[in-house]
Amino acid sequence: MTAVQEERTTDDLKALAERAGRELEDASALEILQWAADTFGPRFCVTSSMEDAVVAHLASRALPGVDVVFLDTGYHFEETIGTRDAVEAVMDVNVITLTPRQTVAEQDAEYGPRLHDRDPDLCCALRKVKPLEEGLRGYQAWATGLRRDESETRANTPVVGWDEKRGKVKVSPIARWSQEDVQTYVDEHGVLTNPLLTDGYASVGCAPCTRRVLEGEDARAGRWAGRSKTECGLHG
């Protein structure tokens, strides 16, 4: 039985994640993703907000045809949807688009319009957290583009960790990278990026809850500006 076919218990996966987090701390992003590909095979996927395609590109080098999971919340900028379509067209990946149970119109009818303004946590739970939990059910491990330099809440992100809430291995291969590292990789490999990144946006989420950042602000200052909220709940 190969590692890909092997059935692992939750305890096995947790121990695997904790050990890999220690052993791969100084590994390159590609080495981390190669470990994930070798360990989990088709039960490994990448999640992408389509802010850029850096992690998807890296993962496609380790596991050609890798599943790239995208959450279409119904509130995305047109540029974000365009980036998803371009990634699907030109990269060696399998883009899987997840959608919430309700359309925006159906959610408005049940909860009232502009729920994102009145209760952003509930809006994120309905349109992001729940769909992702359902979409990840068939996987043992998932990769994210989290970086430690993005905000204080992400400063201790392990390169491989345990996602207690979902019972899965969580891989953050570029956790140690800086924005300069990201840009260098983009330039060297011609990686697709969201056009909004050149229009004053440093982090791209849903349109109603994202603004351009001001000089000196951290990359995520434009998300839920004016609120104490800093994360959507996917990584909480």
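**Cavity lining and helix packing**

Modeller: In this predicted model, the second largest cavity is lined by E51, R147, E150, Q179, A202, S203 and A219.

Colleague: How many charged residues are in the lining of the second largest cavity?

Modeller: The residues lining that cavity include E51, R147 and E150, and Asp, Glu, Lys and Arg are the residues that count as charged. Divided by class, the lining has 2 nonpolar and 2 polar residues, and the number of charged residues is 3.

Colleague: Are helix 1 and helix 2 roughly parallel or roughly antiparallel to each other?

Modeller: The axes of helix 1 (residues 10-23) and helix 2 (residues 29-40) come within 13 Å and cross at roughly 160°. Angles over 145 degrees count as roughly antiparallel. The two helices, helix 1 and helix 2, are therefore roughly antiparallel.

Colleague: Which residues of helix 2 do L13, L16 and A20 in helix 1 meet?

Modeller: Helix 1 passes helix 2 in a right-handed crossing. By class, their contact has 5 nonpolar residues, 1 polar residue and no charged residues. On the helix 2 side, the residues that meet L13, L16 and A20 are W35, T39 and F40.

Colleague: What is the orientation of helix 3 to helix 8?

Modeller: Helix 3 (residues 54-62) and helix 8 (residues 179-189) pack with their axes 10 Å apart, at an angle of about 60°. Angles of 65 to 115 degrees count as roughly perpendicular and those under 35 as roughly parallel. The angle of about 60° therefore makes the orientation of helix 3 to helix 8 oblique.

Methods. Residues numbered from 1 in each chain as written. Predicted model: local features only at pLDDT ≥ 70, side-chain atom pairs only at ≥ 80, totals over all residues. Heavy atoms only, no water. Axes fitted to C-alpha atoms, helices over the stretch in contact; angles between N-to-C directions. Helix = DSSP H or I, 4+ residues; strand = E, 2+ residues; numbered from the N terminus. 1 Å grid on protein atoms, 1.4 Å probe; cavity = no way out; pocket = protein on both sides within 12 Å on 5 of 7 lines; lining within 4 Å. Left-handed = near helix turned anticlockwise from the far one by under 90°. Contact = heavy atoms within 4.5 Å.
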